[in-house]
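Colleague: I should like to go through this model with you. May I put some questions as we look at it?

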Amino acid sequence: EGIDDEAWARPVEACPGWQVHDVVAHLVGTVEDAVAGRLSGPPPPEFTGPPLFPCTPQTAVFSPPRSA
């Protein structure tokens with residue numbers, strides 16, 4: 001069935017400033033990096049936990065760029 005543009009653009013309450021597309025891109029990008037061997041282990045403490053919240057797409061470490 002798929003997801004329409006309006007649903008991709010829906011805000012994600014758990015991560016203010018992020019849309020559904022941002023979260024999916026972040027998760028997929030992290031998996032792609034892991035499979036390709038581009039990750040050397042878990043992220044350091046400065047990239048995890050409360051300091052990133054509220055998070056924005058610009059603060060995501062592994063988020064691939066959005067395509068137009």
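Predicted model: local features only at pLDDT ≥ 70, side-chain atom pairs only at ≥ 80, totals over all residues.

Colleague: How many helices and strands does the protein chain have?

Modeller: The protein chain has two helices and zero strands.

Colleague: Back to H2, then. What span should its 16 residues have, and how far apart are its end C-alpha atoms?

Modeller: Helix H2 covers residues 20-35, and at 1.5 Å a residue it should span 22 Å. Its end C-alpha atoms lie 23 Å apart, which agrees.

Colleague: Which residues of H2 are buried?

Modeller: Asp22, Ala25, Gly29 and Asp33 are buried in H2. Viewed down the helix axis, the buried residues fall within an arc of 65°, so they line one face of H2. Leu27, Val31 and Val35, on the other side of H2, are exposed.

Colleague: Which side chain meets that of Asp33 in a salt bridge?

Modeller: That of Arg38, at 2.8 Å from N to O. The count comes to one salt bridge.

Colleague: Are the two partners buried or exposed?

Modeller: Arg38 counts as exposed because its relative accessibility is 55%, over the 50% cut-off. Asp33 is buried, since its relative accessible area is 15%, under the 20% cut-off.

Colleague: Turning to the whole chain, what share of its residues is buried, and what is its accessible surface?

Modeller: Buried residues make up 13% of the 68 residues. The accessible surface is about 5,200 Å², and 61% of that belongs to carbon and sulfur atoms.

Definitions and conventions
Residues numbered from 1 in each chain as written. Heavy atoms only, no water. Helix = DSSP H or I, 4+ residues; strand = E, 2+ residues; numbered from the N terminus. Expected span 1.5 Å × (residues − 1). Buried < 20%, exposed > 50% of the residue type's maximum accessible area, 1.4 Å probe, protein only. Arc of directions from axis to C-beta. Areas by Shrake-Rupley, 256 points an atom, 1.4 Å probe, with all protein chains shown as cover. Salt bridge = Lys/Arg side-chain N within 4 Å of Asp/Glu carboxyl O.
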